[in-house]
Amino acid sequence: MMLKNILIIGGASGIGKEIALHFAKDGHQVAVADINKQTLTQMIADSDHHNLFPFEVDAGSSESVASLANEIHTRFGSLDLLVYSAGITNSVGFLDIDWATWHKTMAVNLHGLFYSIKFCQPILAQGGSIVIIGSGSAITGTGGGIHYAASKGGAFGLMRSLVTELGKNNININVVAPRVIESDMLNNLYPTEQSKKSLTKEIPIGRFGTPNDVFHAVRYLSSAEGKYVHGQILLLDGGRTYKQLL
């Protein structure tokens, strides 16, 4: 197995953390970038892996992401995989959304994705990969509010618009779009056991997804076996979306 240089933005908690730890366990060099210094420091301290490297970044700031890309270039020389896992949401109805909430959601979920690809693409090696952690909310319009669904839908369009340009350098780009993954975000949106039970009944496979499920999808899309998968949205939902369309 060829060992890789990997950058995970939004990698200190939730899905991003699981992805980072699994890749580190496989022996890859993993740069973990996050805005939360305390969470980032604790993650590194708790880990047995010596190939995890912490970097602070504000994904919603172009200057911060540009600085991160320069640090990664200095430290690793090049990247083989960029994973964008930064994302925020809260349950706010459309009529109650204020400008600050809308802007912050877009800044992290969409603008930060643009900055990350823009500044990291020059250091991605030929044959590298980009995997975006999206959301099934962009397909259904549900699950995280209109601001969240809109930002994740923008990520779909951004990914597709880059297919031709990145393909010239044999860089594949894809979105993994989870729905109902065990996480702090899920707990915030569905805080009671009753709400979680009701939600489980909507999933044909009979369980919530896990961050580990997402990791396996990311690993495949960034592997030699997954290189011909390009410009796709992989929906991880246990069959829930299909069931709702019946």
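Ile133 stands opposite Val176 in strand E6. This is a predicted model, so to speak of local features takes pLDDT of at least 70, and side-chain atom pairs count only at pLDDT 80 or more, while totals for chains, interfaces and linings use all residues. Residues are numbered from 1 along each chain as its sequence is written, and side-chain values use heavy atoms, with hydrogens and water left out.

- E6 covers residues 172-178; strands (E, at least two residues) and helices (H or I, at least four) are DSSP runs, numbered from the N terminus.
- Seven of the seven residues in E6 are buried, meaning under 20% relative accessible area with a 1.4 Å probe and protein chains only (exposed is over 50%, partly exposed in between).
- In a regular strand the side chains alternate between the two faces of the sheet.
- In E6, Asn172, Asn174, Val176 and Pro178 point one way, Ile173, Val175 and Ala177 point the other way, and all are buried.
- E5 and E6 run parallel, joined by five bridges; strands pair if DSSP finds at least two bridges between them.
- E6 also pairs in the parallel sense with strand E7 (residues 233-236), over four bridges, and here Pro178 sits opposite Leu236.

**The second largest pocket**

- This pocket holds about 290 Å³ of space, the volume being what is filled by probe spheres set on grid points joined across faces, edges and corners.
- Met2, Lys4, Ser222, Ser223 and Ala224 are the closest to its centre among 17 lining residues.
- A pocket is an open set of points on a 1 Å grid over the protein atoms alone, where a 1.4 Å probe fits, with protein on both sides within 12 Å along at least five of seven lines; lining residues have an atom within 4 Å of a point.
- Strand E5 (residues 124-133) gives the largest share of the lining, five residues.
- The lining splits into five nonpolar, seven polar and five charged residues, with Gly counted as polar and Asp, Glu, Lys and Arg as charged.

**Two buried residues**

- Arg240, in helix H11 (residues 240-245), is buried at 7% relative accessible area.
- The side chains of Arg240 and Glu202 make a polar contact of 3.0 Å (N or O atoms within 3.5 Å, one able to donate a hydrogen and the other to accept it).
- Leu81 belongs to strand E4 (residues 79-84) and is buried at 0% relative accessibility.
- Beyond four places in sequence, Leu81 is in contact (heavy atoms within 4.5 Å) with residues including Phe23, Leu124 and Ser222.
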